[in-house]
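Here is a short briefing for a first look at this protein. Keep the sequence and the 3D view open as you read.

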Amino acid sequence: MRARLVVLSLAVAAALAGCGTEVAPGQEGGRTPSGTDGTPSTTASTSAPATPPVRVTDAAAPRSGGPCQPSQLRLVAGGTDASLGYREMAVVATNTSRTPCTVAGYATATMWGTSGQRLRVTRDRTMAVYDNDGPIRPRTVRIAPGRKAVVRLGWRGGGAATGVEQVGSFALTVTRGSAPAPVTLTEHTMPIDIVDGGSVRVSGWRTAPETVGPQD
């Protein structure tokens, strides 16, 4: 009888050992690794760019040659170019639908801070944005299925400071007759040092070459 109890006790102990606390990655023995001074060590993490809090909702049903609607587009921001406090960013719009659509005039940006709070950012068209061919003036651009168009945003980052919330996500209304469409950001895009009360310069649209990508 005593031998059976010993065997049973050993079996229960083995089962409990197999059901021990799961150790999370980066932990040892269920404890957070400590630094040399005995305090828990912390590792800085880089958060992925946030997704704009907007639904992909068309202002009207897509039609051939009509204003590009959010459901027809994939918008991706390229890297930010900076010089003497001035920044510039390209946003590439790809027509992912089977219907050609158009963009014209100036896009409108809606921006949110890293906390998700909408920021008051105005559109400034008083100064032209340039590319290699000179000022990018507004014109109507037809985007065929699978083709791309590009717009550039420009701003000055002088208002950014420690503790001041900056843009964490944004959407573009690409043309009149459309609705806000979310812009995909990359690690090369962040940070976007536009703050509440800031302004953004917007270029006209132009056809993008087939080789253009998010980082061009």
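Strand β2 (residues 86–95) pairs with β9 in the antiparallel sense, over nine bridges. Within that pairing, V92 stands opposite V150 of β9. This is a predicted model.

**Strand β9 and its partners**

- Strand β9 covers residues 148–156. Eight of its nine residues are buried, so the strand is mostly covered.
- Strand β14 (residues 206–207) runs antiparallel to β9, and two bridges join them. Here A149 stands opposite T207.
- Strand β13 (residues 199–202) is also antiparallel to β9, again with two bridges. In β13, V202 is the bridge partner of L153.

**The chain as a whole**

- The protein chain holds one helix and 14 strands.
- It has 216 residues, and 37% of them count as buried.
- Consider the contacts in the chain with a separation of 6 or more: residues 24 or more positions apart account for 77% of them.
- The chain exposes about 13000 Å². Carbon and sulfur atoms supply 52% of that area.

**Salt bridges**

- Side chains of opposite charge can pair when their charged atoms come close.
- How many salt bridges does a search of the whole structure find? The search finds four.
- One of them joins R152 to D81, with the closest N and O atoms 3.7 Å apart. This pair links distant parts of the chain: R152 sits in strand β9 and D81 in strand β1, 71 residues apart.
- R152 has a relative accessible area of 13%. The cut-off for buried is under 20%, so R152 counts as buried.
- D81, E88 and R152 belong to one network, joined by salt bridges that share partners.
- Another salt bridge brings together the side chains of D193 and R87, at 2.8 Å from N to O. D193 is in strand β12 (residues 192–195) and R87 is in strand β2; the two are 106 residues apart and link distant parts of the chain.
- Are D193 and R87 buried or exposed? Both are buried.
- D196 and R120 form a salt bridge too, their closest N and O atoms 2.8 Å apart. D196 lies in the loop between β12 and β13, and R120 in the loop between β4 (108–113) and β5 (122–124), so the pair ties together parts 76 residues apart in sequence.
- D196 counts as partly exposed, at 36% relative accessibility. R120 counts as exposed, at 61%.

**The disulfide**

- A disulfide is a covalent bond between the sulfur atoms of two cysteines.
- The count here comes to one disulfide. C68 and C101 form it, with their sulfur atoms 2.0 Å apart.
- Why does this pair tie together parts that are 33 residues apart in sequence? C68 lies in the loop between α1 (2–18) and β1 (73–83), whereas C101 lies in strand β3 (residues 101–103).
- The torsion about the S-S bond of C68 and C101 is about 90°, so the disulfide is right-handed.
- C68 counts as buried, at 0% relative accessibility. C101 is buried as well, with a relative accessible area of 0%.

- Where does S178 lie? It lies in the loop between β10 (166–173) and β11 (181–184).
- S178 counts as buried, at 13% relative accessibility.
- A polar atom of the S178 side chain lies 2.6 Å from the backbone oxygen of C68.
- Leaving aside neighbours within four places in sequence, S178 is in contact with A59, C68, Q69, P70 and T173.

**To look for in the view**

- Start at β9, and find β2, β13 and β14, each antiparallel to β9.
- Then pick out R152 in β9 and D81 in β1.
- Finish at C68, which forms the disulfide with C101 and is in contact with S178.

Terms used
Residues numbered from 1 in each chain as written. Predicted model: local features only at pLDDT ≥ 70, side-chain atom pairs only at ≥ 80, totals over all residues. Heavy atoms only, no water. Helix = DSSP H or I, 4+ residues; strand = E, 2+ residues; numbered from the N terminus. Buried < 20%, exposed > 50% of the residue type's maximum accessible area, 1.4 Å probe, protein only. Contact = heavy atoms within 4.5 Å. Areas by Shrake-Rupley, 256 points an atom, 1.4 Å probe, with all protein chains shown as cover. Disulfide = S-S within 2.5 Å. Pairing = 2+ DSSP bridges. Polar contact = N/O pair within 3.5 Å; in protein donor to acceptor, adjacent residues only side chain to side chain.
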